[in-house]
Amino acid sequence: DWNDLINRDDVAVIDTRNDYEVSIGTFDGAIDPQTKSFGEFPAWWQENKHRFHNKKIAMFCTGGIRCEKASAWLKHNGYKNVRHLKGGIIDYAHQIEEQGLPNKFKGKNFVFDERLGERISDEIISTCHLCQKIKSDTHFHCKNQICYGLYIGCEKCVARHDGYCSWKCVQVDKLPQPTKKVIA
């Protein structure tokens, strides 16, 4: 049903996940609100709702919670033609595998455990943040505990940077502990 829904011309597909999640995988043609947190979604909708006049809305997220919340919010605010992917991308991946259905998702699904991603298709839709050249969809946390920022890295760059997201983080991590606290 989801595959049929998102292929329709009268349907706008909205990815309700955060920008770092969308960066490694999404449904082809989905709209990325480019939000850093879900709390930004209502403001994004208010600024963009004119784009969806006479459109049905299909929303999706990682496990079905955010997209259910977003669709309920839209309905509460008067938008009637809205649906969401029950169980999110996680359930979608299981269903397409079990039932032998075509996969419309491209890339990885960001997950909130030590894996930081689950491969849904073979496509790699993102690029290493460090060299900005090599295709990669593997997230890492910066080795610098003050930063601990999330970044996408290729194997070569992660090894060359020794697990840090930038040369600045390498230098800061070399400083004595009291100095690090002042910089943070």
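## Exercises: chain and pockets

The chain folds into 8 helices and 8 strands. The model is predicted.

**Exercise 1.** Describe the overall extent and burial of the chain.

*Solution.* 
- Start with extent. Along the principal axes, the C-alpha atoms fill a box of roughly 60 × 35 × 25 Å.
- Next, burial. A residue counts as buried under 20% relative accessible area. By that cut-off, 42% of the 184 residues are buried.
- Finish with contacts. Take those with a separation of 6 or more; residues 24 or more positions apart account for 51% of them.

**Exercise 2.** Which elements and residues line the largest pocket?

*Solution.* 
- Size: the largest pocket holds about 280 Å³ of space.
- Lining: 13 residues contribute. Asp1, Trp2, Asn3, Leu85 and Gln95 lie nearest the centre.
- Elements: helix H1 (2–6), strand S4 (82–84) and helix H5 (88–99) each give two or more residues to this lining.
- Largest share: H1 supplies it, with 4 residues.
- Classes: the lining has 6 nonpolar, 3 polar and 4 charged residues.

**Exercise 3.** Work out which residues line the second largest pocket, and sort them by class.

*Solution.* 
- Size: about 150 Å³ of space lies in the second largest pocket.
- Lining: the residues are Ile6, Asn7, Ala12, Val13, Asp28, Gly29, Ala30, Ile31, Lys104 and Lys106.
- Sorting rule: Gly counts as polar.
- Classes: the tally is 5 nonpolar, 2 polar and 3 charged residues.

Technical notes
Residues numbered from 1 in each chain as written. Predicted model: local features only at pLDDT ≥ 70, side-chain atom pairs only at ≥ 80, totals over all residues. Heavy atoms only, no water. 1 Å grid on protein atoms, 1.4 Å probe; cavity = no way out; pocket = protein on both sides within 12 Å on 5 of 7 lines; lining within 4 Å. Points joined across faces, edges and corners; volume = space filled by probe spheres on them. Buried < 20%, exposed > 50% of the residue type's maximum accessible area, 1.4 Å probe, protein only. Contact = heavy atoms within 4.5 Å.
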